[in-house]
Amino acid sequence: MNKKMIEAHPYAYSLTDTPPALIIIDMQRDFIEPGGFGSSLGNDVRPLMKIVPTIKRLLDLYRRLHLPVIHTREAHSPDLLNCPPSKINRGNAMLRIGDAGPMGRVLVDGEPGNAIIDALKPLPGEIELTKPGKGAFYATPLHSLLQARGITHLLFAGVTTEVCVQTTMREANDRGYECLLIEDATESYFPEFKRATLEMITAQGGIVGWSASSMHVIKSLESAYGNP
Ligand code: TIU
(Lines give C-alpha, C1' and ligand atoms only; values in the text may rest on other atoms or scores of the structure.)
Protein backbone atom coordinates (compact mmCIF):
# COMPACT_ATOMS: atom_id res chain seq x y z
CA MET A 1 0.00 0.00 0.00
CA ASN A 2 1.31 3.41 -1.01
CA LYS A 3 1.98 5.85 1.85
CA LYS A 4 -0.93 8.06 0.76
CA MET A 5 -3.66 5.46 0.24
CA ILE A 6 -6.46 4.10 2.42
CA GLU A 7 -7.44 0.46 1.89
CA ALA A 8 -11.09 0.90 0.93
CA HIS A 9 -14.07 -0.33 -1.09
CA PRO A 10 -14.44 -0.57 -4.04
CA TYR A 11 -10.70 0.16 -4.41
CA ALA A 12 -7.94 2.11 -2.64
CA TYR A 13 -8.71 5.75 -1.79
CA SER A 14 -5.89 8.16 -2.67
CA LEU A 15 -4.92 10.90 -0.25
CA THR A 16 -3.25 14.13 -1.31
CA ASP A 17 -0.92 16.60 0.37
CA THR A 18 -3.97 18.54 1.59
CA PRO A 19 -5.47 16.29 4.28
CA PRO A 20 -9.12 15.22 4.05
CA ALA A 21 -11.57 16.95 6.39
CA LEU A 22 -13.44 14.78 8.88
CA ILE A 23 -17.14 15.63 8.69
CA ILE A 24 -18.97 14.39 11.79
CA ILE A 25 -22.68 14.47 11.06
CA ASP A 26 -25.31 15.21 13.71
CA MET A 27 -23.93 13.36 16.76
CA GLN A 28 -26.44 15.28 18.83
CA ARG A 29 -28.57 14.29 21.80
CA ASP A 30 -31.77 14.61 19.70
CA PHE A 31 -30.77 11.53 17.67
CA ILE A 32 -28.76 9.51 20.16
CA GLU A 33 -30.44 9.87 23.55
CA PRO A 34 -33.94 8.73 24.55
CA GLY A 35 -36.50 11.57 24.60
CA GLY A 36 -35.24 13.40 21.52
CA PHE A 37 -36.33 13.68 17.91
CA GLY A 38 -35.03 10.20 16.93
CA SER A 39 -37.07 8.41 19.58
CA SER A 40 -40.11 10.62 18.91
CA LEU A 41 -40.13 9.18 15.39
CA GLY A 42 -40.54 5.72 16.95
CA ASN A 43 -36.91 4.58 16.76
CA ASP A 44 -34.83 2.63 19.25
CA VAL A 45 -31.92 5.05 19.59
CA ARG A 46 -29.62 2.80 21.67
CA PRO A 47 -27.70 1.19 18.75
CA LEU A 48 -26.39 4.63 17.74
CA MET A 49 -24.28 4.89 20.92
CA LYS A 50 -21.97 2.12 19.82
CA ILE A 51 -20.11 4.27 17.27
CA VAL A 52 -19.20 6.96 19.84
CA PRO A 53 -15.82 5.42 20.87
CA THR A 54 -14.83 4.97 17.21
CA ILE A 55 -15.66 8.58 16.35
CA LYS A 56 -13.80 9.70 19.48
CA ARG A 57 -10.69 7.81 18.30
CA LEU A 58 -10.90 9.54 14.90
CA LEU A 59 -11.49 12.92 16.53
CA ASP A 60 -8.51 12.43 18.88
CA LEU A 61 -6.30 11.60 15.90
CA TYR A 62 -7.52 14.64 13.96
CA ARG A 63 -6.88 16.87 16.96
CA ARG A 64 -3.43 15.43 17.61
CA LEU A 65 -2.37 15.84 13.95
CA HIS A 66 -4.10 19.26 13.63
CA LEU A 67 -6.26 18.11 10.70
CA PRO A 68 -9.55 19.84 9.80
CA VAL A 69 -12.72 18.69 11.56
CA ILE A 70 -16.25 19.90 10.89
CA HIS A 71 -19.12 19.02 13.23
CA THR A 72 -22.69 19.42 11.99
CA ARG A 73 -26.01 19.70 13.79
CA GLU A 74 -29.50 19.44 12.33
CA ALA A 75 -31.00 22.57 13.89
CA HIS A 76 -33.75 25.09 13.26
CA SER A 77 -34.00 28.65 14.47
CA PRO A 78 -36.38 29.14 17.44
CA ASP A 79 -38.91 30.90 15.16
CA LEU A 80 -38.80 27.84 12.84
CA LEU A 81 -38.57 30.15 9.82
CA ASN A 82 -35.90 27.86 8.33
CA CYS A 83 -38.06 24.76 8.75
CA PRO A 84 -40.53 24.15 5.94
CA PRO A 85 -44.06 23.18 7.08
CA SER A 86 -43.65 19.94 5.10
CA LYS A 87 -40.84 18.93 7.49
CA ILE A 88 -42.82 19.87 10.61
CA ASN A 89 -45.96 18.08 9.49
CA ARG A 90 -44.40 14.92 8.03
CA GLY A 91 -45.35 11.64 9.69
CA ASN A 92 -47.08 10.98 12.94
CA ALA A 93 -44.39 11.88 15.47
CA MET A 94 -45.27 12.10 19.17
CA LEU A 95 -43.14 15.24 19.31
CA ARG A 96 -42.85 17.47 16.28
CA ILE A 97 -40.02 19.85 15.43
CA GLY A 98 -40.33 22.88 17.73
CA ASP A 99 -42.45 21.08 20.37
CA ALA A 100 -41.22 21.05 23.96
CA GLY A 101 -39.83 17.63 24.93
CA PRO A 102 -37.80 16.23 27.81
CA MET A 103 -34.61 17.81 26.37
CA GLY A 104 -36.16 21.13 25.35
CA ARG A 105 -37.69 22.11 22.01
CA VAL A 106 -37.09 19.39 19.44
CA LEU A 107 -34.40 20.13 16.80
CA VAL A 108 -34.21 23.78 17.82
CA ASP A 109 -30.82 25.48 17.97
CA GLY A 110 -29.63 26.22 21.51
CA GLU A 111 -31.89 23.66 23.23
CA PRO A 112 -30.22 20.98 25.41
CA GLY A 113 -31.31 18.15 23.11
CA ASN A 114 -29.86 19.87 20.07
CA ALA A 115 -26.32 19.86 21.46
CA ILE A 116 -23.64 17.46 20.33
CA ILE A 117 -23.18 14.68 22.93
CA ASP A 118 -20.60 15.46 25.63
CA ALA A 119 -18.17 12.73 24.49
CA LEU A 120 -17.77 14.39 21.07
CA LYS A 121 -18.26 18.03 22.04
CA PRO A 122 -16.45 20.37 19.64
CA LEU A 123 -13.44 22.22 21.02
CA PRO A 124 -13.20 26.00 20.73
CA GLY A 125 -11.93 26.78 17.24
CA GLU A 126 -13.47 23.70 15.58
CA ILE A 127 -16.17 24.42 13.03
CA GLU A 128 -19.68 23.56 14.26
CA LEU A 129 -22.18 24.03 11.48
CA THR A 130 -25.95 24.14 11.92
CA LYS A 131 -27.99 22.87 9.00
CA PRO A 132 -31.75 23.06 8.43
CA GLY A 133 -31.84 20.11 6.04
CA LYS A 134 -30.68 16.54 5.96
CA GLY A 135 -27.74 17.43 3.70
CA ALA A 136 -24.99 19.62 5.17
CA PHE A 137 -24.52 21.64 1.96
CA TYR A 138 -28.11 22.87 1.66
CA ALA A 139 -28.47 26.44 3.06
CA THR A 140 -25.07 26.37 4.80
CA PRO A 141 -21.62 27.82 4.03
CA LEU A 142 -19.99 24.34 3.98
CA HIS A 143 -18.88 24.44 0.32
CA SER A 144 -17.26 27.85 0.67
CA LEU A 145 -15.59 26.90 3.98
CA LEU A 146 -14.02 23.87 2.30
CA GLN A 147 -13.06 25.76 -0.86
CA ALA A 148 -11.40 28.51 1.19
CA ARG A 149 -9.18 25.84 2.79
CA GLY A 150 -8.42 24.03 -0.49
CA ILE A 151 -10.06 20.85 0.83
CA THR A 152 -11.00 18.32 -1.86
CA HIS A 153 -11.28 15.08 0.14
CA LEU A 154 -13.91 14.36 2.80
CA LEU A 155 -14.18 11.52 5.33
CA PHE A 156 -17.65 11.00 6.79
CA ALA A 157 -18.83 9.78 10.21
CA GLY A 158 -22.06 10.21 12.14
CA VAL A 159 -25.78 9.52 11.97
CA THR A 160 -27.91 8.35 10.42
CA THR A 161 -26.19 6.52 7.60
CA GLU A 162 -29.04 6.55 5.10
CA VAL A 163 -30.50 9.96 5.97
CA CYS A 164 -28.16 12.86 6.85
CA VAL A 165 -24.88 11.08 6.12
CA GLN A 166 -25.89 9.71 2.75
CA THR A 167 -27.62 12.95 1.70
CA THR A 168 -24.52 14.97 2.57
CA MET A 169 -22.20 12.54 0.82
CA ARG A 170 -24.28 12.73 -2.35
CA GLU A 171 -24.33 16.53 -2.20
CA ALA A 172 -20.53 16.50 -1.77
CA ASN A 173 -20.00 14.02 -4.59
CA ASP A 174 -21.98 16.22 -6.99
CA ARG A 175 -19.79 19.19 -5.98
CA GLY A 176 -16.63 17.29 -6.93
CA TYR A 177 -15.37 16.10 -3.54
CA GLU A 178 -13.70 12.70 -3.14
CA CYS A 179 -15.83 11.15 -0.38
CA LEU A 180 -15.21 8.20 1.93
CA LEU A 181 -17.65 6.86 4.51
CA ILE A 182 -16.04 5.33 7.61
CA GLU A 183 -17.94 2.07 8.01
CA ASP A 184 -17.79 1.61 11.79
CA ALA A 185 -18.18 5.35 12.51
CA THR A 186 -21.71 5.59 11.11
CA GLU A 187 -24.95 4.01 12.29
CA SER A 188 -28.63 3.79 11.48
CA TYR A 189 -31.79 2.93 13.40
CA PHE A 190 -32.18 0.25 10.70
CA PRO A 191 -29.16 -2.10 10.31
CA GLU A 192 -30.34 -3.16 6.85
CA PHE A 193 -30.42 0.49 5.70
CA LYS A 194 -26.83 1.01 6.86
CA ARG A 195 -25.74 -2.07 4.94
CA ALA A 196 -27.67 -1.01 1.83
CA THR A 197 -26.25 2.52 1.97
CA LEU A 198 -22.67 1.26 2.12
CA GLU A 199 -23.40 -0.98 -0.85
CA MET A 200 -25.14 1.68 -2.96
CA ILE A 201 -22.43 4.28 -2.32
CA THR A 202 -19.58 2.01 -3.36
CA ALA A 203 -21.38 0.15 -6.19
CA GLN A 204 -20.74 0.90 -9.85
CA GLY A 205 -17.08 1.70 -9.28
CA GLY A 206 -17.79 4.06 -6.37
CA ILE A 207 -20.70 5.98 -7.88
CA VAL A 208 -20.91 8.17 -4.75
CA GLY A 209 -17.52 7.35 -3.18
CA TRP A 210 -15.61 4.91 -1.03
CA SER A 211 -16.01 3.15 2.31
CA ALA A 212 -13.31 1.92 4.70
CA SER A 213 -12.91 0.74 8.28
CA SER A 214 -11.70 3.19 10.92
CA MET A 215 -8.69 0.93 11.45
CA HIS A 216 -7.53 1.44 7.86
CA VAL A 217 -8.39 5.16 7.96
CA ILE A 218 -6.42 5.76 11.17
CA LYS A 219 -3.42 3.74 10.00
CA SER A 220 -3.22 5.62 6.68
CA LEU A 221 -3.75 9.09 8.18
CA GLU A 222 -1.01 8.44 10.74
CA SER A 223 1.31 7.35 7.98
CA ALA A 224 0.45 10.19 5.58
CA TYR A 225 0.19 13.14 7.99
CA GLY A 226 1.78 12.00 11.28
CA ASN A 227 5.26 12.89 12.36
CA PRO A 228 7.90 10.82 10.52
N1 TIU B 1 -34.51 10.19 11.05
C2 TIU B 1 -33.27 9.93 10.70
O3 TIU B 1 -32.87 8.79 10.46
N4 TIU B 1 -32.36 10.95 10.59
C5 TIU B 1 -32.60 12.29 10.69
O6 TIU B 1 -33.73 12.76 10.79
N7 TIU B 1 -31.51 13.12 10.69
C8 TIU B 1 -30.19 12.68 10.55
O9 TIU B 1 -29.92 11.62 9.96
N10 TIU B 1 -29.23 13.40 11.13
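Analyst: Happy to. One term before we start: contact here means heavy atoms within 4.5 Å. Also keep in mind that this is a predicted model.

User: Good to know. What share of the contacts with a separation of 6 or more comes from residues 24 or more positions apart?

Analyst: In the protein chain, 73% of those contacts are between residues 24 or more positions apart.

User: And how many helices and strands are there?

Analyst: The protein chain has eight helices and ten strands.

User: What about the radius of gyration, and what would a compact globule have?

Analyst: The protein chain has a radius of gyration of 17 Å, and a compact globule with 228 residues would be near 17 Å, so the two agree. Along the principal axes, the C-alpha atoms fill a box of roughly 50 × 35 × 30 Å.

User: How much of the chain is buried, and what does the surface consist of?

Analyst: Of the 228 residues, 54% count as buried.

User: Charges next. How many positive and negative side chains are there?

Analyst: There are 23 positive and 25 negative side chains, and the centres of the two sets lie 1 Å apart.

User: Switching topic: how many disulfides does a search find?

Analyst: Zero, in a search of the whole structure. Take Cys 83: the nearest cysteine sulfur belongs to Cys 164 and is 12 Å away. A disulfide needs the two sulfur atoms within 2.5 Å, and Cys 83 is in none.

User: Now the backbone. Where are the cis peptide bonds you can tell me about?

Analyst: I can point to two places. A cis bond joins His 9 and Pro 10, with omega about 0 degrees, and Pro 10 sits in the loop between strand E1 (5-6) and strand E2 (13-14). Another cis bond joins Val 159 and Thr 160, where omega is about -20 degrees. Thr 160 is in the loop between strand E8 (153-159) and helix H6 (161-174).

User: Back to His 9 and Pro 10. What does Thr 202 contact, besides its neighbours within four places in sequence?

Analyst: Thr 202 is in contact with His 9 and Pro 10, along with Gly 209, Trp 210 and Ser 211. Thr 202 belongs to helix H7 (residues 191-206) and is buried, with a relative accessible area of 13%.

User: Which residues other than glycine have a positive phi?

Analyst: Among them are Asp 26, with phi near 50 degrees, and Gln 204, with phi near 55 degrees. Asp 26 is in the loop between strand E3 (21-25) and helix H1 (29-32), while Gln 204 is in helix H7.

User: Buried or exposed, for each of them?

Analyst: Asp 26 is buried, with a relative accessible area of 0%. Gln 204 counts as exposed, because its relative accessibility is 69% and the cut-off for exposed is over 50%.

User: Last one: where is Ser 220, and how far is it from Pro 191?

Analyst: Ser 220 lies in helix H8 (residues 214-225) and is buried, at 7% relative accessible area. Ser 220 and Pro 191 are 29 residues apart in sequence, and their C-alpha atoms are 27 Å apart in space.

Methods. Residues are numbered from 1 along each chain as its sequence is written. This is a predicted model: local features need pLDDT of at least 70, side-chain atom pairs count only at pLDDT 80 or more; totals for chains, interfaces and linings use all residues. Side-chain values use heavy atoms; hydrogens and water are left out. Helices (H or I, at least four residues) and strands (E, at least two) are DSSP runs, numbered from the N terminus. The radius of gyration is taken over C-alpha atoms; the globule rule is 2.2 Å times the number of residues to the power 0.38. Buried means under 20% relative accessible area, exposed over 50%, partly exposed in between (1.4 Å probe, protein chains only). Lys and Arg count as positive and Asp and Glu as negative; His and the chain ends are not counted. The place of a charge is taken as NZ of Lys, CZ of Arg, CG of Asp or CD of Glu.
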